[in-house]
Amino acid sequence: MKTKKTKQSSAFEKFATNVSKAAGSTTAFIGAFLIVVAWAVSGPIFDYSETWQLVINTGTTIITFLMVFLIQKAQNKDSLAIQLKLNELVASNEYSSNSLVDIESMTEEEMIIVQKYYHKLSALAKEDESIRNSHSIAEASEQHERKDKNRTKLRTRNITKK
């Protein structure tokens with residue numbers, strides 16, 4: 001990317017991001033804890049009435065309901081950003097499998113098939129002499145066979161030299 005264009009985020013997007021950050025802070029937790037303590041302490045003053053119980057139930061229900069949407073909006077944006085960064089990394093590496101660039105649009109069944117390839121890839125990597133070797137799905141078996149042949153040749157040469 002040569003040019004970087006910044007678009008104005010929607011007001012809701014900014015609001016959701018800021019509220020999500022604030023809700024996850026220590027200050028927010030302490031504030032919520034103090035509200036619950038104040039509510040519990042006020043119980044005897046209100047004779048633990050139904051209205052007293054209804055205040056905390058209604059308040060927490062409304063806050064929880066609204067926070068679900070705000071946090072989900074912020075999470076969707078973060079997930080998309082991470083997905084795009086990972087796509088860029090996969091696309092930029094000449095040895096990686098480009099079939100993974102758009103994996104999030106695959107069905108679950110298609111992802112399970114890819115997962116099976118990675119299990120095979122993992123098994124091949126465990127058989128390698130070095131943990132620093134890496135493979136892509138497309139070339140893993142071929143490269144592993146080539147390495148096995150080379151190892152066999154080396155062992156044969158070492159045996160015949162003795």
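User: Is Lys 77 buried, partly exposed or exposed?
Analyst: In this predicted model, Lys 77 is partly exposed, because its relative accessible area is 39%. That value lies between the limits of 20% for buried and 50% for exposed.

User: Which residue does the side chain of Lys 77 meet in a salt bridge?
Analyst: The partner is Glu 13, and the N to O distance is 3.1 Å. Side chains of opposite charge can pair when their charged atoms come close.

User: Where do Lys 77 and Glu 13 sit in the chain?
Analyst: Lys 77 belongs to helix H3 (residues 50-92), while Glu 13 belongs to helix H1 (residues 11-23). The pair is 64 residues apart and links distant parts of the chain.

User: How many salt bridges does the structure hold?
Analyst: The structure holds 1 salt bridge.

User: Changing topic: which residues form the positive surface patch?
Analyst: Lys 149, Lys 153, Arg 157 and Lys 161 form this patch.

User: Why does Lys 149 count as exposed?
Analyst: Lys 149 counts as exposed because its relative accessibility is 57%, and the cut-off for exposed is over 50%. Lys 149 lies in helix H5, which covers residues 140-161.

User: What about the whole protein: how many helices and strands are there?
Analyst: There are 5 helices and 0 strands, giving the pattern α-α-α-α-α along the sequence.

User: And how much of the protein counts as buried?
Analyst: Of its 162 residues, 16% count as buried. The protein exposes about 13,700 Å², of which carbon and sulfur atoms supply 61%.

Notes. Residues numbered from 1 in each chain as written. Predicted model: local features only at pLDDT ≥ 70, side-chain atom pairs only at ≥ 80, totals over all residues. Heavy atoms only, no water. Patch = residues over 30% accessible without salt bridge, like charges linked within 9 Å, V, L, I, M, F, W, Y side chains within 5 Å. Areas by Shrake-Rupley, 256 points an atom, 1.4 Å probe, with all protein chains shown as cover. Salt bridge = Lys/Arg side-chain N within 4 Å of Asp/Glu carboxyl O. Lys, Arg positive; Asp, Glu negative; His and termini not counted. Charge placed at Lys NZ, Arg CZ, Asp CG, Glu CD. Helix = DSSP H or I, 4+ residues; strand = E, 2+ residues; numbered from the N terminus. Buried < 20%, exposed > 50% of the residue type's maximum accessible area, 1.4 Å probe, protein only.
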